[in-house]
Structures are given as structure tokens and as C-alpha cells.
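Work through the exercises below with the sequence and the model side by side, trying each task before reading its solution.

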Amino acid sequence: MKRALTSGATPVLQVEELTVVLAGRVVLDKVSFALTRGSVTGLIGPNGAGKTTLLRAILGFERPRSGAVRHLGIAKRATARIGYVPQKVAFDPDLPLRARDLVGLGLDGSHLGFALPSRRRRTLIEAALEAVGASGFADKRVGRLSGGEQQRVLIAHAVIRHPELLLLDEPLANLDLRSEREIVDLVAGLARERKIAALVSTHDVNPLLGAMDNVIYLARGRAASGGVDEVITTEVLSSLYGRHVDVLRVHGRFVVSAASGDLLVDASTTSQAEPREQ
Amino acid sequence: MSALFHALFARGLFSNPAVHTAAIVGALAAISASVAGVFTVMRGQSFAGHALGDLGAAGGSAAALLGISPLVGFVGIGAVAAVAMSTLGSHGRRDRDVATGVVLGAGLGVTGLLLYLDTTHSSTTGAAVSVMFGSMFAVAPSTLPAVVAATGFLALCLGALYRPLLLSSVMSELAAVQGVRVALVEASFLGVLVVAVALSALTVGAVLATALLIGPAATAIRLARSPGTAILVAAAIGVGSTWMAIILAYDSYYWSASHSGWPVSFFVVSLIFVAYLVAELLSSVGSRLATHRDPSVSRTLS
Ligand SMILES: Nc1ncnc2c1ncn2[C@@H]1O[C@H](COP(=O)(O)OP(=O)(O)O)[C@@H](O)[C@H]1O
Ligand SMILES: [Mg+2]
């Protein structure tokens, strides 16, 4: 099952037997996978499965109890090589920060002093805004942009330094169907063009179908990884959840449902039915 | 025209040494507080700024008892309070606010005692009132070098930390991913805040220090879209309010036959409040105009 993820060139990211314990609870239990350049991987799992914890462990924010995270074979965090879009970013509408300011901070926000205005800096920022389709609202305050527009700006912030690894935590939450599609296409396009390994967390596998190459399914702290059709199956998910769940494919979409029928372990059946607000 | 000039700039305004000191110290304090205030508001640390101001009263009254510069008292107590607040509240925003409240409560008890001693010691309420509400015309010219040094320190810190501080104020996780040592930046900013509040307390008093810290910054944030502009606008509002207040307070001496002038602090705080109301009005008119102009919005409305 791991074959699909580890074949090819040196992996950008290798996670080996990663175990993370938070407040005495094993949140991640011997999770292993690898990501290669130019690929999109979905990190799927219900709320509380440990998706955010896994991304934070990759970033070095959570110390693993055991196991290792290797970036290009090195067991150390190389910040310039990771772009990150956190979950639930809530910008105050009055925050005096234009989209272009946030993208500029992605370029050199860790440097001391002020950013001296230069043609080179401006060109890089314009190019990053252009690449995510954010040129039209570059001068608006980030807190006054729609959810989809904010995601674009955050992605520009994350990729302006040309990282090899791009981590996106629930970038599709609170987006309507159209913005959801646009963000998925944007991330897939960036990953292919720039040879980035993109890891996209979401509780619903369906929006990523067609755009992702591989999937990592998290449940009860354990992970199954591989191609979509290898992982999203009744056998694999039942073994992960530790009880019988049915995986159905209806009109090309997955429905994951507990055997008793009263508990949906995946929001995919309900989330698409009702239009979501921006 | 010349009548208006004489009405506004009363006799002796430009030749009075107390006015000179007040204008210089007031401007430096206003710039420091307003600029630090922009980051304070962006970081959601207004409550910490307010608490540091209130607690400054303990330092100011202790300094009055000991006969040392009030600035030393304000900075000293601020440093103690900042260390206490960050040691107790290191687990997120809510925790931070709770710790700030607890330290504030304890500190105000001490303040009460010291102010009581001040009042009984000097048998007037003068010292206590000036610690709490400031008396800009009574600022000793000898404090000027310390005020200049403190302002220079702030300018250096904020200039050097500008981008990492901005990024970690917007979102600390993004800063950490880029290799910013967020804890160090936060601790440094707390130091900046202590000095800014101390300067502010020196001019408008401990209780009103928060108005100079938060007021111009909040107004600027309503008006400006980018951080650089917000900082410039905040500094302009702070200095403008302070200088205008000095002129009005000086004038007020001639307003009544008894020649009892009104305190500068009253005018500073009032002018800052007026500026805030005007900005609020402007930005609500602005957004209404924008709504009318944006065809996509009117379509969804109709
Ligand atoms: N700082 C923490 N301390 C203790 N438990 C935590 C902490 N952060 C997350 N958890 C727990 O770890 C589990 C996984 O959380 P998370 O990674 O946020 O899940 P997801 O992102 O998949 O919704 C949850 O049960 C959550 O309650
Ligand atoms: Mg999460």
C-alpha cells in the first residue's frame, strides 16, 4: 500500500513511524508515508483524527514521542522549504494589512528591519499574486476578502519562496462549491508546475477526487496511505475505524457510512447537500 | 485672521519654557505610544496595555514618595508587571487576559496604599492627581534626556523587529514557520509596551495612558489599509492631539476670571476621542458609498 507513495525520486518528505502524544493521549500512532515532488496528497479524516497534529509535527511544532520526519532525507526542519496555510485563519476586518502586504511577509517576513521598496521585491509579490489569481484584490485588506480570496492570498504567502513542500490545513472549510473547486485546481496546478509536494487536509475526500494523486486516511490515530482506490475501500477503512464501515461510490462520489447507519464517520454525504456560506 | 491667531495662541504661549518642555516631551510620548499602540491593537493586547498603565500609578506614587523621577517608577513597575503577566499567562490569549487581570488586581491594591501614603505624606492630593491624570506643564526639563533616550530605544526596537513583529502579530504560526523566534519577539514587544506606556503615563497620567496608547492606533486602523500608513496616521493623531491640547490648556487659563486653567490631559483625551468619532463616521460613510458603487452587491441586495 505504501508503494505508490515511495516510488520515484528522493521523497520531499518522509514520515516514519511517527507517534505523537498530546495530554497523555496517543493522537498519532506510528504513522508512515512519503511525499514526492509534483504530487497532491489528500490528508483525509474526520474531525479530531489528528490531521492538524500531523501537519504541526511535520512543521516541528509538536515533538514526536517516537519516529522521524525527514525533509529531503534530513531530519531537521528547513523553513524555507515549507509553505504552510493554517486551519481557520480569522483576520479582523479592520486589520491594516493588504493582500499584497501579507504576501510580502511571506517573502521576507522573518528579516529584521523594514522592507525597502525595490523593483525586485515588487515584481516577486506581483508574480505571486498573479499565480494565485489575487491581482484583482491585492490592495484590499485581507480581513475584508471572502473565504476563497483569503485562501488564495494565504497560498501566495506560502508559495512565494518556492517551497518544495506545501501544507494546507482544511483549506476548503467554509468555502462554497465553486471556490472549493477553484482552490483545489489552483493547488494541483501549482504542485504540478512548480514540482511542489502538496499535502491538503480535509474531512471530506470528494472535493479532492481527480486532483489528488494519493491519499492518507487518518482515523483513531492510525493512517492508511496509497492511491485513492486502494485506501478508500470498505476493508481498509473498516480496519482503520476498528468496526465495519461501508464505502459506497455514488455518481463518482464516495459515501462513507457506519454500519449502524446512525453515525456518519465522514461528512461527505451531508456536506455537499446544503450550500455553504462564504 | 489675526484675531483668530491671537484667540488660539494666547499671550506667552511660544515663550513659556513649561510649554516648550511639554511640547517636546508630549510629542515624543505621543509618537511612542501611538506607534506601539498600532501593534498593541493588532495583537489584541489592549488589555495588557491598559493594565500596565493603571499599574504605573503604583510606580509613579512610589517615585513621588522617594523623590525620584516618575519615569523610573513607571518603567520599573511596568517591568515587574510585564514579567509577572507573561510568566502567569503563557497559554494562549484567554489565559493571558486572565493573568493580566489577576496582576492588575494585585497591583491596584498596592497602588491604593501608595497613593494613600502620598496624600498623607505631602498632605495634598497634588502628587496623587498628577500621577494618575498627568500634569504636562509640570514635567521637569531634567527628564527630557531620559524621554529622548526612551523614545530612541523604542524606535530602534520597533524598527529592527518591524517585519517579524508584524508577521507574528498577524499570525504567530506563520511567523514560526518562517523561522521567526516568536517567543523572543513577543517578549521584546512587551518591553516596548512597558516603555511606551511609561512615556504615556508621564504626560497624560497613569490612568489616561491607555487612551494615548489605544486611541490614535484604533483610529488609524479604521482609516488605513496598510501597516505603514496606520503607523504614520496614528503618530500624526497622537502628536496633533497633544499639541492642540497644550494650546487649548494654555488658553483655558484665560477662559475664566479666576485663571484656573484646565489640565492638558483632559484636552488630549477629548481630542483623541473626537478623532476616533470622526474616523468612525468617515469609514461608515465610505463603506456605504462603496456598497452603492459595487454593482454585484446591489444586485444581491435587490
Ligand atoms: N494541544 C493539545 N492538547 C491535547 N490534546 C490535543 C491538543 N491538540 C489537539 N488535541 C487532540 O488531538 C486530537 C487530534 O486533533 P487535531 O489534530 O486537531 O484533529 P483534526 O485536525 O483532524 O480535526 C483531538 O482529539 C484533539 O482533541
Ligand atoms: Mg484540524
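**Exercise 1.** How many salt bridges does the rule find across the interface of chain B and chain A?

*Solution.* This is a predicted model, in which local features need pLDDT of at least 70 and side-chain atom pairs count only at pLDDT 80 or more, while totals for chains, interfaces and linings use all residues. Residues are numbered from 1 along each chain as its sequence is written, chains are lettered from A and ligands numbered from 1 in the order in which they are written, and side-chain values use heavy atoms, with hydrogens and water left out.

Taking a salt bridge as a side-chain nitrogen of Lys or Arg within 4 Å of a carboxyl oxygen of Asp or Glu, the rule finds three between chain B and chain A. One of them joins E173(B) to R56(A), whose closest N and O atoms are 3.0 Å apart.

**Exercise 2.** Which helix of chain B supplies the largest share of the side that touches chain A?

*Solution.* Begin with the helices (DSSP runs of H or I, at least four residues): helix 7 (144-170), helix 8 (172-177), helix 10 (209-223) and helix 11 (227-252) of chain B each supply at least two residues of that side. The largest share, nine residues, belongs to helix 7 of chain B.
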